[in-house]
Amino acid sequence: MGHAVDAPTGAIAPPIYLSTTYEREADGSYPRGYSYSRADNPNRHSLERVFAGLEGGAAAAAFSSGLAAIGAVFQALVPGDHVIAPNVLYHGTTRLLNDIFTPWNLQTSYVDTSDLAEIRAAVRPNTRIIFVETPANPTLAIADISAVAQIAETAGAKCVCDNTWATPVLQQPLALGADLVVHSTTKYFGGHSDVLGGAVVSKHADAFFDRIRHIQQIGGAVPSPFDCWLLLRGAQTLPCRIRNHSESAFKLAVFLSEHPLVERVYYPGLAAHPGYEIACRQMKSFGGMLSFAVKGGKQEALAVTGKLNIIIRGTSLGGVESLIEHRASIEGPDSKTPDNLLRLSAGLENVEDLIADLQQALG
């Protein structure tokens, strides 16, 4: 699936096809299937087959970033259409909707997508997408994908799920009823904090996905051949890395939940989490991300990050290194994230070392 021995040479690692253009036949045709690398490229073609296969979709489109992928989904709508989105959502997606698509006359309602009644109440005749992000960034709120998908179907809308934090290893939104899945492949697919990318996977190769493909090819927000090659390499180790990330995150969540200077832990693998039962139904494990609230406010939270020796202060997630950040500072003055919340991406270091690092930083 997307990975094969190179026929001409027998090379196990696939070659990187850097060419931007391809030879025509004398009759003007392209019988080999490639004409110009903005439209398609052998490395991107292989990567898209992997994305579609892992998510169980009929088609996939790779993009140069996660926001480019999400943006293409919204751009496939028309001005005047309505989107229902979570009120706890990656701030980049919120900015995309508010700063780019609201002036374009796309209408957006933000609701608690863990509350099905709120979603139903927000549906309008022109609702075209119900967007969910589960687990959500940064509070790991859980949405019931199957139930949301049923609401979307009844409304004649599409259910779109951001599956970045769970990955297809832990959660299969299309099998649960979603119509499209989006990813920032910068995160767990890349896995080493060294490549930017995004993807849209569609359950059906339908007219709506054809529109997304058209936007990809004409708009040109596509990954380079080398970026595709790196993401293909990352996909090969994704299952074993995700297992390690998840096991470490669970142990860190348990440790933090028992610490006297931690006010609250946000992790769906803890029975106290409000979305625990739904997460148990729709996830194979609970992922490598967690957040926790330090007793006090912003200064107390920042003081913890300043004392860490192993865990790195940095944005992003899904890499081999553990990263922590004061999320409200990243999101800006309009952030709804609590000022004492720290978001933690569990890396692949020895988990006992990570626990010891947090222990000494908390004091």
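The following questions and answers concern a predicted model of one protein chain.

Guide: This is a predicted model, in which local features need pLDDT of at least 70 and side-chain atom pairs count only at pLDDT 80 or more, while totals for chains, interfaces and linings use all residues. Residues are numbered from 1 along each chain as its sequence is written, and side-chain values use heavy atoms, with hydrogens and water left out.

Visitor: How far apart do the C-alpha centres of domain 1 and domain 2 lie?

Guide: Domain bounds come from an automatic or database domain assignment. For this chain the assignment gives domain 1 (42-233) and domain 2 (238-362). The contact between them, where contact means heavy atoms within 4.5 Å, takes 27 residues from domain 1 and 36 residues from domain 2. Their C-alpha centres are separated by 24 Å.

Visitor: Which residues does Leu 358 touch, not counting residues up to four places away in sequence?

Guide: Leu 358 is one of the residues that touch the most other members of the largest nonpolar core. With residues up to four places away in sequence left out, Leu 358 touches Leu 252, Phe 255, Leu 256, Phe 292, Leu 308, Ile 311 and Leu 344.

Visitor: Is Ser 248 buried or exposed?

Guide: Ser 248 is placed in helix 8. Not counting residues up to four places away in sequence, Ser 248 touches Ala 346, Gly 347, Glu 349 and Val 351. Because its relative accessibility is 5%, Ser 248 counts as buried.

Visitor: How much space lies in the largest pocket?

Guide: On a 1 Å grid over the protein atoms alone, a cavity is a set of points where a 1.4 Å probe fits but cannot get out, and a pocket is an open set with protein on both sides within 12 Å along at least five of seven lines; lining residues have an atom within 4 Å of a point. Grid points are joined across faces, edges and corners, and a volume is the space filled by probe spheres set on the points. The largest pocket is lined by 21 residues, with His 91, Thr 94, Asp 334, Ser 335 and Lys 336 nearest its centre. The space in this pocket is about 470 Å³.

Visitor: Which helix gives the most to the lining of the largest pocket?

Guide: At least three lining residues come from each of domain 1 (42-233) and domain 2 (238-362). Ala, Val, Leu, Ile, Met, Phe, Trp, Tyr, Cys and Pro count as nonpolar, Asp, Glu, Lys and Arg as charged, and the others, Gly among them, as polar. On that basis the lining has seven nonpolar, nine polar and five charged residues. Five residues of the lining come from the leading contributor, helix 3 (residues 91-101).

Visitor: Which residues line the largest cavity?

Guide: The structure holds one cavity of 30 Å³ or more. By class, its lining has one nonpolar, three polar and two charged residues. The lining residues are Gly 190, His 192, Asp 194, Leu 230, Arg 233 and Gly 234.

Visitor: What is the omega of the peptide bond from Asn 137 to Pro 138?

Guide: Pro 138 lies in the loop between strand 4 and helix 5. Pro 135 also lies in this loop, between strand 4 (127-133) and helix 5 (145-155), and the bond from Thr 134 to Pro 135 is cis, with omega near -5°. The bond from Asn 137 to Pro 138 is cis, with omega near 10°.

Visitor: What distance separates the C-alpha atoms of Val 88 and Asn 137?

Guide: Val 88 is in the loop between strand 2 (82-86) and helix 3. Not counting residues up to four places away in sequence, Val 88 touches Glu 133, Ala 136, Asn 137, Pro 138 and Thr 139. Although Val 88 and Asn 137 are 49 residues apart along the chain, their C-alpha atoms are separated by 6.7 Å.

Key: Helices (H or I, at least four residues) and strands (E, at least two) are DSSP runs, numbered from the N terminus. A nonpolar core is a set of buried Ala, Val, Leu, Ile, Met, Phe, Trp, Tyr and Cys residues joined through side-chain atoms within 4.5 Å. Buried means under 20% relative accessible area, exposed over 50%, partly exposed in between (1.4 Å probe, protein chains only).
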